[in-house]
Amino acid sequence: MRLTSKSGKRRAWHGIAAMLLCFLAVPAQAEESRASYWFRQTVYKVVEGPSALINKTIDLVFYGSTAWHREKFFELLETSGYELKKAETTAGLIPEIKFAYEQARQLSENDREALEEEILAFEESDPTWIEGKIEARILRFLLSVSEMGQYRIGEFDISVLPLPGFTFATMPAEISYTPDTILIMRRMNEARENASHAAGSKNK
Amino acid sequence: MAADENRVTVYPGPTVVKTMQMVASDFNKKNVPQVDVLTPDPARLIKSFCEAPEDAQKLLILSRKLTWAEMNNCEKSGELMGLFLARFILAPVSNTSAVSFNITRKNIYLGIADQVPRSAVAESNLPARQRFELLSATSDSFLVNPFRTWNEIEADLPDVEINFIAPDGGTPKLILDSKVLEAGCRGFKEVKTIFAAEDRTRVCTLYRPDGRVTLTDGWRFEDATKDLLASTKPTIAFVRLDSLNSEGITPLRWRGVTALDADFKPEEFAMRQETSVYFFSGAVRGNESESKITPTAAFLTELFSESVVGPFGAFKKNGFYVLSIKDRMDARAILRRVRGLGESGVN
């Protein structure tokens, strides 16, 4: 059979899928050959594999054994003086989840001390947990930058999936943070984002 | 090495002066390197230590940790090292058994702060009419503290007038400000919107001026217990652990336990500061060509002996809480490593 048109291709795939379903629907015979059994298992794995991975990932992020840690991590980011600005998700075989944070307050010496203790407790809550170690590193980095005084991290992006990631930009700390300055900075950021979105949609 | 190579100068904080004088006096009786315990102005203590010559045999002993900025400024004159010696813990108590309740940092902040967040007043146990009048009178985020009894803050607290004895300086004030007031205030949304750290600290740590907070000398904190016992009104204060057994004092529950309970864990207790010793590693290591132990190293070895930091040592006798045996052993191991000795204490 020669497949020329798109609808023809689609019909052929439908046929293959129907055959597969019929094959899978037939109850396994006691005399089923080894090859047939292997084929059936492979098909199951191919069909179920990605969905199981996605479910596992979602469970891990929102409901799984690390949900407490994840919640605590975001709580500690807020304690570090940052607040969530936006969240981005991308669907895919392994979904991407990214959160953008911006500085909402400076840390006092006492805030830093309290945060240091909380990070230590967070890290020690599960010493075998690699993601937790990476997240504790991120928190410690934010803490150490806040101690330096010359620079600050105004904004940063945290990606949770597929693996924890951290993107940031430093800026001089000697800006007077009056409410007007903060408002101007926020408006400038919004304008910059709008401009980049507009450029993105033009390119499409 | 400096000319006075057989002398060590100790710069102690006001809270540890008495303990250090006791330790130095015992040490001077039996050892060749002599220890001088200075009593500099507390405000200039760290500066005096850091400004002394780099190769001088000197130790700084504080009832708290140095901040990052203080460490950074001091490290300009060499590699500065710090080790924990003991813990300075304060516990909440009252002068009457009528005031024995479970208290939180948030309760204390709302009880003694000059101004309180609007949301705290809105959620308080104040009579509905008074609450409405207070909130409708102004749109400010912070209101002048309206609470007169603990019960007005939270329904679970007793209907007893708010009276508090607070330290006016020193480590006790540092503990009250950092571990109680700022920690209790941090969670309110009005506080979270304040960007500048110093503005937030000011809002959180300013005591109310209406006479409900009595100040006591923070540098001589044993006075807090005397002031508490002398008070005729039901009053709350923070005292050192060694004052807890005094007659007429009732420990308050903090997360369900008092500091006298068997399940009290000092390392997890919020109101604590780690008493620390700071020294320049060069003063401990000394001259590599000379094998003899430096005076600083000799005194540090004494400082970490069980007779000083152990459960019956000088620190314990002066109201400090001793570190666990593991922490004490770890500190000795670090000291041996700094001196260039192996874990066993030999080259």
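How are helix 8 of chain B and helix 10 of chain B oriented relative to each other? Helix 8 of chain B and helix 10 of chain B are roughly perpendicular to each other (a term for angles of 65 to 115 degrees, with those under 35 counted as roughly parallel, over 145 as roughly antiparallel and the rest as oblique). This is a predicted model, in which local features need pLDDT of at least 70 and side-chain atom pairs count only at pLDDT 80 or more, while totals for chains, interfaces and linings use all residues. Residues are numbered from 1 along each chain as its sequence is written, and chains are lettered from A and ligands numbered from 1 in the order in which they are written.

**Chain B as a whole**
- Chain B has 16 helices and twelve strands; helices (H or I, at least four residues) and strands (E, at least two) are DSSP runs, numbered from the N terminus.
- The C-alpha trace of chain B spans about 80 × 45 × 35 Å along its principal axes.
- Of the 347 residues in chain B, 38% are buried; a residue is buried if 20 or more other C-beta atoms, placed from the backbone, lie within 10 Å of its own, exposed if 12 or fewer do, and partly exposed in between.

**Domains of chain B**
- The domain assignment, which is automatic or from a database, gives domain 1 (7-88 + 272-338) and domain 2 (96-248) in chain B.
- Taken over C-alpha atoms, the centres of domain 1 and domain 2 of chain B are separated by 35 Å.
- Ten residues of domain 1 of chain B are in contact with eight residues of domain 2 of chain B, contact meaning that the C-beta atoms of two residues, placed from the backbone, lie within 7 Å.

- The axes of helix 8 (residues 170-185) and helix 10 (residues 197-205) of chain B come within 9 Å and cross at roughly 100°; axes are lines fitted to C-alpha atoms, for helices over the stretch in contact, and angles run from 0 to 180 degrees between N-to-C directions.
- From helix 8 of chain B, Asp177(B), Leu181(B), Glu182(B) and Cys185(B) meet Thr201(B), Cys204(B) and Thr205(B) of helix 10 of chain B.
- Helix 13 (residues 295-303) of chain B is largely enclosed by the rest of the structure, because seven of its nine residues are buried.
- Among the buried residues of helix 13 of chain B are Pro295(B), Phe299(B) and Leu303(B).

**Surroundings of Val37(B)**
- Val37(B) belongs to strand 2 (residues 34-37) of chain B and is buried, with 22 other C-beta atoms within 10 Å.
- Leaving aside residues up to four places away in sequence, Val37(B) touches Val10(B), Pro12(B), Met20(B), Gln21(B) and Ala24(B).
- Ala24(B) is 13 residues from Val37(B) in sequence, and the two are 7.2 Å apart in space, C-alpha to C-alpha.

**Sheet and helix in chain A**
- Chain A has an open sheet of four strands in the order 1-2-3-4, with antiparallel pairing; two strands pair if DSSP finds at least two bridges between them.
- Its edge strands, each pairing on one side only, are strand 1 (82-90) and strand 4 (165-172) of chain A.
- Strand 2 (residues 96-103) and strand 3 (residues 151-161) of chain A are joined by six bridges, and Phe99(A) has Ile158(A) in strand 3 as its bridge partner.
- Helix 5 (residues 130-148) of chain A lies across strand 3 and strand 4 of chain A, at about 175° to strand 3.

**Contact between the chains**
- 13 residues of chain A are in contact with 13 residues of chain B.
- Helix 4 (residues 109-124) of chain A supplies five residues, the largest share of the side of chain A that touches chain B.
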